[in-house]
Each structure stands twice: as structure tokens, then as C-alpha cells.
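The sequence and structure come before the details.

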Amino acid sequence: MGFLIAGGIGFIGSHTYISLRKRFPNARLVIVDNLTNSTIQTLNSLMEVTGDSILFHQLDLCDEQAVEHLFNRYHFHGILHFAGYKAVEESVVNPLKYYINNIQGTLNLVKQCLHYKIERFIFSSSATVYGNGKSPFKESDSLLPASSPYGQTKAICERILQDVAYANPWLRVSLLRYFNPIGAHESGLIGESPTSLPSNLMPYITKVAKGELPILKIFGGDYPTLDGTAVRDYIHVMDVAEGHVAALEHVRRGAHVYNLGTGRGTSVLQLVRAFEQVNGIKVPYQIVERRPGDLASVYANVHKAESGLQWKASRTIENMCRDAWNFEKRNILI
Ligand code: UD1
């Protein structure tokens with residue numbers, strides 16, 4: 001059994017590697033990554049956590065020849081595709097960078113998947129494809145135009161994979177729409193290590209807690225929510241990782257979409273308070289203007305994933321806060 005993990009050094013890919021190894025102790029797992037938003041240190045940590053000597057190739061999926069070469073060399077039974085740019089604001093400023101990278105990389109992988117008749121393909125999508133619809137989001141909801149080029153690339157790649165699966169009925173595709181993955185592996189060795197200033201909430205909180213950033217700016221205190229701050233469906237990254245293993249095991253013919261969330265909403269202030277309480281550390285914050293493009297409330301309907309994948313997110317907000325901080329603290333020592 002052999003699986004390709006494209007973008008396997010990134011946040012979700014690296015955690016999924018751990019879950020895959022646990023589920024398939026004898027499988028050949030090959031990671032490719034171009035290291036644009038990940039660090040090679042994660043590879044060492046992955047080896048420490050799993051005891052593997054990891055098969056890794058630094059490779060850009062947009063380099064078609066390199067991708068061909070990779071598929072020549074290994075025989076895969078499934079592809080897990082995590083590789084892509086994901087900074088929303090950057091995608092607004094530099095849309096072509098996103099359209100070229102995220103779509104070309106996916107096309108190159110799909111071409112090889114068809115060429116070698118690799119049956120299983122798992123794609124990292126995002127709740128952002130629901131656009132400014134209404135929570136709880138269901139897989140059958142119609143997709144509204146995403147508010148950013150990043151979101152558009154996810155919707156386009158989903159569509160490409162749906163069309164390709166329709167034309168090739170042997171293909172089994174899972175399109176996994178992540179809500180807000182946060183937290184870190186329980187060991188504290190693997191976590192979210194953005195290579196630039198974080199724009200997502202949890203990495204920002206941990207940097208403020210660590211004293212690397214002075215204050216957390218909470219974007220908007222006047223949303224129609226329980227405390228005025230925006231609500232999201234935060235999910236532990238290890239639950240997301242296990243969702244991929246479930247998707248690989250239950251992948252059916254055709255292209256099937258699943259929400260990976262908890263189905264529960266948590267406000268920014270609730271998350272900050274939980275973080276402070278669990279870790280016994282203060283996170284100074286200030287409520288500022290809303291961030292353009294943000295929605296008041298985004299959370300998932302998770303019934304389809306629970307029944308179709310026989311998977312359910314089990315970790316709590318407290319687990320997410322503890323593990324995120326545990327990882328960040330260990331990084332102080334490095
Ligand atoms: C963002 C992206 C989404 C992407 C997801 C995961 C937007 C509009 N959406 O989702 O497409 O799939 O990240 O990468 O950017 N917040 C603060 N202060 C901060 C940072 C965030 O108050 O310094 C708030 C935000 O306003 C939001 C919540 O925290 O209400 C979560 O923000 P974030 O972690 O950036 O995720 P999303 O905006 O939900």
C-alpha cells in the first residue's frame with residue numbers, strides 16, 4: 001500500500017501523516033512539499049513522533065516534469081493533496097499567484113492520478129467555498145462566490161475533481177471542507193508554524209501569549225452573536241487528520257463532499273478565555289474594527305461526515321488550547 005501526501009510538511013498534512021502511519025503501519029508514505037510555508041524541522045519532528053525514516057522529496061507540484069518523475073518512481077494507491085497557498089489577504093493582493101499555484105498543482109496531480117489509475121484522491125478544501133451563506137453549512141448548500149481568490153481556487157479545484165470523477169467512474173474522490181483547524185499534536189512536537197506573521201486567530205493568540213506579539217486585536221465586537229465577537233467552528237487538527245484516514249477508508253466512487261467540523265460555534269472571546277483558563281496565561285487583547293470579508297458566524301452541519309465517514313470530532317476547545325500552547329512553549333526552548 002502506498003500513499004502520496006502532497007504538502008505533507010504543512011499544518012494539516014504533517015498531522016495527517018501521523019494518523020496515517022498509526023492506521024497503516026506498513027504502508028509506504030511519501031511526502032512531497034515545496035517548503036514555501038513549512039519548515040524542514042517538521043520533518044525531523046515527524047520522524048521523532050512516528051519513528052519513521054520518512055520518504056521526502058522537495059518538489060513543486062507546478063513542475064510537471066518533476067511530478068511525472070515522482071509517479072514514475074513510486075506506485076501509489078491513493079493521493080492526499082494538501083499543497084496550496086492559503087493566506088486569504090495575500091490572495092486578494094496577488095490573485096495570479098494563487099490561481100496558478102493552487103490550480104496548476106492540482107491539475108498536475110490529477111493528470112498522474114488518471115494516467116496511473118490511482119483510485120483514491122483526497123482533497124483539502126475549505127468552508128470558505130460556502131461564501132457568505134448561512135450557518136450551519138451543509139454539503140448540499142449551493143456555493144456562493146467565495147470572498148477571496150484563495151476561496152475561488154478551492155471551489156475551482158473541487159469542480160475539476162468532480163468533473164474528472166464523473167468522466168472516470170472508477171475514481172473515488174473525497175472533498176473535505178475544513179472549518180477552523182487549530183491545536184497541535186499531543187506530543188507538542190508538531191504544530192502550526194507559519195513562516196510569516198500569522199493572520200489566523202490561534203497562532204496569533206499563542207504568539208501574543210509568548211510575548212512575541214504585543215496584543216491580540218479582536219476584529220469586531222458588534223456582531224449579532226452571544227458576546228459580539230465572531231463565531232467559528234474550531235476543530236482540533238488531530239480530529240481533522242483522523243477525518244482524512246476515515247475518508248481514505250470510506251471513499252466511494254464519484255466525488256463526495258464532507259464538512260470537517262465539530263458542529264459547534266465558539267466566539268473569539270470564548271476561545272481567548274478558554275486559552276487563558278486552560279493554560280493559566282493572560283492574552284492581552286483589544287477590540288477593533290471588523291476585518292473586511294469576515295462573517296458573523298460560521299459552523300458546520302456534520303451529519304454527513306459522521307454517517308458517511310463514520311468519523312466524529314472528539315477533542316474539546318480546552319484540548320485545542322492546551323495543545324496549541326504546548327507546541328508554542330516547546331518552540332521557545334528550541
Ligand atoms: C480564514 C479564512 C478562510 C480560511 C481559514 C483557514 C478569511 C475571511 N477566511 O477563516 O478562508 O479557510 O482562515 O485558514 O480570512 N480574528 C481576530 N484577530 C486575529 C485573527 C482573527 O479577531 O488576529 C478573528 C477573525 O475575525 C475571525 C476569527 O478570529 O472571526 C477566526 O479567524 P481566522 O483564524 O483568520 O479564520 P477565518 O477568518 O474563519
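Lys117 sits in the loop between helix H5 (95-115) and strand S5 (120-126); helices (H or I, at least four residues) and strands (E, at least two) are DSSP runs, numbered from the N terminus. The model is predicted: local features need pLDDT of at least 70, side-chain atom pairs count only at pLDDT 80 or more, and totals for chains, interfaces and linings use all residues. Residues are numbered from 1 along each chain as its sequence is written, and side-chain values use heavy atoms, with hydrogens and water left out.

Lys117 has a positive phi although it is not a glycine, and Leu35 likewise has a positive phi without being a glycine. Leu35 belongs to the loop between strand S2 (28-33) and helix H2 (41-50). The table uses these classes: buried is under 20% relative accessible area, exposed over 50%, partly exposed in between (1.4 Å probe, protein chains only).

| Residue | Phi | Relative accessibility |
|---|---|---|
| Leu35 | near 60° | 22%, partly exposed |
| Lys117 | near 50° | 54%, exposed |

A cis peptide bond runs from Ser135 to Pro136, with omega near -5°. Pro136 is in the loop between S5 and helix H6 (149-167).

The structure has 0 disulfides, a disulfide being a pair of cysteine sulfur atoms within 2.5 Å. Cys62 is in none, and its nearest cysteine sulfur, in Cys157, is 10 Å away. Cys62 is partly exposed, at 27% relative accessibility. For Cys113, the closest cysteine sulfur is also that of Cys157, but at 14 Å it is too far for a bond. Cys113 is buried, at 1% relative accessibility.
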